[in-house]
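Hi,

Here is the structure I promised to pass on.

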Amino acid sequence: MRGVVTACCLSVLLCLVAVVEGDEDYTEDEEMILSLILQDDSQPEADSGPSAQFYRCTKDAWRMPGQYIVVMRNGTHVNQVERTARRLRAKAAKRGYLIEITHSYSGVFNGFLVKMSSDVLHMAVKLPHVEYIEEDSSIFAQSIPWNLERITQNKHETGKYSPPNDGAQVGVFLMDTSVHLSHREIEGKVMVTDFNSVPEEDGVRVHRQASQCDSHGTHIAGVVSGRDSGVAQGTSLNSVRVLNCQGKGTVSGALAGLEYIQSSLTAQPISPVILLLPFAGGFSRTLNTACRKMVEFGAIVIAAAGNYKDDACLYSPASEPEVITVGAVNFADQPVTTGTTGTNVGRCVDVFAPGDDIISASSDCPTCFTTKSGTSQAVAHVAGIAAVLLNLNPNSSSAEVLQQLLYHSVKKVMNPESLPQNHRLTTPNMVVALPDPTSTLTEEALLCRSVWSERSGVMGFATAVAHCRHGEEMMSCSSFSLKGVRAGERMEERDGKKECVAVNGNGGQGVYAVARCCTGHNAQCQMLESPQKGVHAECLNADHQLTGCSFFSSSGDVLDSDRPLHGSRRSCPARRGVMSYASCCHAPSMECHVKEHDSTGLNEQVEVSCHDSWTLTGCQALSRGSFIHGAYSLGNTCVVVTSGGGRSAAAIATCCRHRPLQRPDDITTTEDIPDV
């Protein structure tokens, strides 16, 4: 057989020789081709020197195999460059390879760009006049993508994204479409599980190209841990496919995926672990329950709020209280909205993150990038930041991770006018950010957040109830009414779980309950009510601190309350006909004080904030003749809304902290501190 092939090759070569010799006007190229055909490859070329050097990029992910820059020696003429390129083409053709010269250089250096197989390299480095050959590689704009710059609080190093760590100790399960594993952003970072539960695509002409089926999952994986576009670039991901090529799945498929993850973690524990759910469906009690069980199992579950320009509480898993639910903002820190679609909002959203025109890996090719928008992109940012936080404090619970996210977030950047009017109060005005490198926050720090209930009915004494998450302690309870008609609030305990219950007043239009939920230092709290109407509710144990007061009137109208008492007697004074409730908490080295601020002029909103290192645990109003709509906590600020013309009111904040051990002189700091 080999003899037949050799004979065929010889006959082709002889024909070529005959053609060349039969033309008296043959070209220089044809002469070179003829000489190469007849040349003995075992002999070096007449004018060849030592083999040229070969170089490639030190970053493997940026290499472009198959594309090479051939650099000629100094003093090489243009015609010698062209002749070298022709010689390389002829030598490659003799061995059965095709090459393509795509560009010639004759300015800053002489040479050419060639696309060819790496198998031809050994011929190219032996060509005359070649100084060296360099494999082509990618280069990138060095401005940080707006989304990574937005979440970075360290602005000192311009053009460089530098998080506190890369999240390498954290594992993430991504429930999404399939993922383009060979993309340079995520290559070697994603493990595809053997789970696959997706419905058939809609329509009879669906083409399941890999670039379509991998599109959403690849982009999300890149935002989480991409080499250049990722938030936590050391995090590893496990792909669990629950969405088809159209990005569609089923509740039953998601449930099966969660069950698969739980089984995997049981067999091979990963800690800490994040479950990333960049999808949303209609409200599902079953899906919410399954997510809650995963949190109880020890996972941090983070979900997209949804892109329906609606109340996130109407969707799952966004509506599950134990899930960290994420809305999306644009470059201007405003809620993302495009036509009839936009980020979901409301009290079921915990925090917002960049989610508009986010650049990340594209499934079109291993080096392609694209931009996408939505709460899926936003939730991927929060998963990345959560990985960074867990890398710092691996034992943090889901509740503690949420508190840390809120603590480091940027507050009051969204324009309230951009939110639907019925959600302006309850939607958190916070956009996530990485920890500030100068932050002194410790794992045991006292951190609090506000949890709003849905609005109660309009019947007299209709109630609204707010709960804290598992792992949080309720340190106070307040109420708020848009119309100002309310019967007050009280803390109750039902089935071993505290509730903040707000009561609508006679003729009211509904009321909100606002619970103050806290983590840190294992504080244990109890609610003590006054023995009867008009009598103080008092913390009886000397080692308990008063963290908040609540008041309720059975007559259906709470007009006023008194200033809480701290110092030797910690109590909530009650006016005649009113029941008072004291939240009394104990934790090692915990201390509290009251901070107060009076309104001036015609202001209908009074605010007072706790000093740095102190945390707001309670917020209440003190009327000085004005009509009180209620009080609520916004970040570390107590807000009181009033009406009634020129009459005044005061906002009273209860501020607590764990006493710094390095400052023994602070031990006696329990007196009330006036606002300055």
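The lining of the second largest pocket splits into 10 nonpolar, eight polar and seven charged residues (Ala, Val, Leu, Ile, Met, Phe, Trp, Tyr, Cys and Pro count as nonpolar, Asp, Glu, Lys and Arg as charged, and the others, Gly among them, as polar). That pocket holds about 680 Å³ of space, and of the 25 residues lining it, Gln 421, His 423, Arg 424, Leu 425 and Thr 426 are the closest to its centre. At least two lining residues each come from β33 (605–609) and β35 (627–634); strands (E, at least two residues) and helices (H or I, at least four) are DSSP runs numbered from the N terminus.

A word on the source: this is a predicted model, where local features need pLDDT of at least 70 and side-chain atom pairs count only at pLDDT 80 or more, while totals for chains, interfaces and linings use all residues. Residues are numbered from 1 along each chain as its sequence is written, and side-chain values use heavy atoms, with hydrogens and water left out.

On the grid side, the spacing is 1 Å over the protein atoms alone; a cavity is a set of points where a 1.4 Å probe fits but cannot get out, a pocket is an open set with protein on both sides within 12 Å along at least five of seven lines, and lining residues have an atom within 4 Å of a point. Points are joined across faces, edges and corners, and a volume is the space filled by probe spheres set on them.

Searching the whole structure turns up five cavities of 30 Å³ or more. The second largest cavity has a volume of about 50 Å³, and its lining has three nonpolar, four polar and two charged residues. Helix α11 (residues 398–408) gives the most to that lining, with three residues. Among the lining residues are Glu 400, Gln 403 and Thr 519.

Val 401 also sits in helix α11 and counts as buried because its relative accessibility is 0% (buried means under 20%, with a 1.4 Å probe and protein chains only).

His 183, in the loop between β6 (171–176) and β7 (190–196), is buried too, at 0% relative accessibility. Its side chain reaches the backbone oxygen of Cys 368 at 2.5 Å.

Finally, Asp 311 is buried yet has no salt bridge (a side-chain nitrogen of Lys or Arg within 4 Å of a carboxyl oxygen of Asp or Glu). The nearest side chain of opposite charge, Arg 347, is 5.9 Å away. A polar atom of the Asp 311 side chain does lie 2.9 Å from the backbone nitrogen of Cys 313.

Cheers

Note on methods. Buried < 20%, exposed > 50% of the residue type's maximum accessible area, 1.4 Å probe, protein only. Lys, Arg positive; Asp, Glu negative; His and termini not counted. Polar contact = N/O pair within 3.5 Å; in protein donor to acceptor, adjacent residues only side chain to side chain.
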